Amino acid sequence: MNKSISDIIEEFIKSSLDMDDFIELSRNDLARFFSCVPSQINYVLNTRFTINNGYVVESQRGGSGYIKVSRLHDSDSDFLKNALQLTNKPISLLESGQILDQMLSRGLISERERGLIKATISTKALNNPINIDNNIRGNILTQIIIELMKEGRK
């Protein structure tokens with residue numbers, strides 16, 4: 001069976017992570033290396049290196065832009081610290097849902113709590129333009145994570 005370019009890129013990034021806890025990459029350099037368009041790199045990162053899959057991806061665009069891929073540590077305390085870094089800035093509804101799903105799977109919140117939080121941070125509840133929604137959503141999740149850390153659910 002032939003592997004797709006996405007599979008090959010995923011394997012490359014995962015094998016690089018076997019050596020370190022995180023790697024910093026250039027989207028354009030990776031695209032040149034694999035002879036693909038930069039959007040192919042974005043696709044792999046957005047679909048295969050998600051919080052649900054145990055990864056955090058940070059990116060900075062521009063001339064000296066980079067992509068940093070980190071593997072989440074197994075402990076809940078480390079997960080909460082990583083999640084806190086993600087929510088301490090504007091965060092999309094999709095990313096928020098991924099964090100909540102991971103919290104549920106780790107037993108940090110119940111199914112009911114997940115539903116209540118999702119309702120609280122939904123676009124309908126926030127009723128603001130998207131850029132303001134993402135800021136408010138990040139602030140709300142940050143406070144929830146801080147409370148979870150205080151409760152000793154680490």
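**Close-up 1. Ile-140 and the residues it touches.** Leaving aside residues up to four places away in sequence, Ile-140 makes contact with Thr-120, Ile-121 and Leu-126. This view, like the others here, comes from a predicted model. Ile-140 belongs to helix α8, which covers residues 130–150. With a relative accessible area of 22%, Ile-140 is partly exposed. Its C-alpha atom is 9.0 Å from that of Ile-117, a residue 23 positions away along the chain.

**Close-up 2. Ser-122 in its loop.** Here we look at the loop between α6 (111–120) and α7 (123–126), where Ser-122 sits. Ser-122 is buried, its relative accessible area being 19%. A polar atom of the Ser-122 side chain lies 3.1 Å from the backbone nitrogen of Ala-125. Not counting residues up to four places away in sequence, Ser-122 touches Leu-93 and Arg-137.

**Close-up 3. The salt bridge of Lys-3 and Glu-11.** The whole structure holds 9 salt bridges, and one of them joins Lys-3 to Glu-11, with the closest N and O atoms 2.6 Å apart. Both partners are partly exposed: Lys-3 has a relative accessible area of 47%, and Glu-11 has 40%.

**Close-up 4. A salt-bridge network around Arg-48.** Salt bridges link Asp-7, Glu-10, Lys-14 and Arg-48 in a network. Arg-48 meets Asp-7 at 2.6 Å, N to O. Because Arg-48 lies in helix α3 (residues 38–48) and Asp-7 in helix α1 (residues 5–17), this pair ties together parts 41 residues apart in sequence. Arg-48 also meets Glu-10, at 2.8 Å, N to O. Glu-10 lies in helix α1 and Arg-48 in helix α3, so that pair ties together parts 38 residues apart in sequence. Glu-10 and Arg-48 are both buried, whereas Asp-7 is partly exposed, at 24% relative accessible area.

Terms used: Residues are numbered from 1 along each chain as its sequence is written. This is a predicted model: local features need pLDDT of at least 70, side-chain atom pairs count only at pLDDT 80 or more; totals for chains, interfaces and linings use all residues. Side-chain values use heavy atoms; hydrogens and water are left out. Helices (H or I, at least four residues) and strands (E, at least two) are DSSP runs, numbered from the N terminus. Buried means under 20% relative accessible area, exposed over 50%, partly exposed in between (1.4 Å probe, protein chains only). Contact means heavy atoms within 4.5 Å. A polar contact is a pair of N or O atoms within 3.5 Å; within protein, one must be able to donate a hydrogen and the other to accept it, and residues adjacent in sequence count only if both atoms are side-chain atoms. A salt bridge is a side-chain nitrogen of Lys or Arg within 4 Å of a carboxyl oxygen of Asp or Glu.
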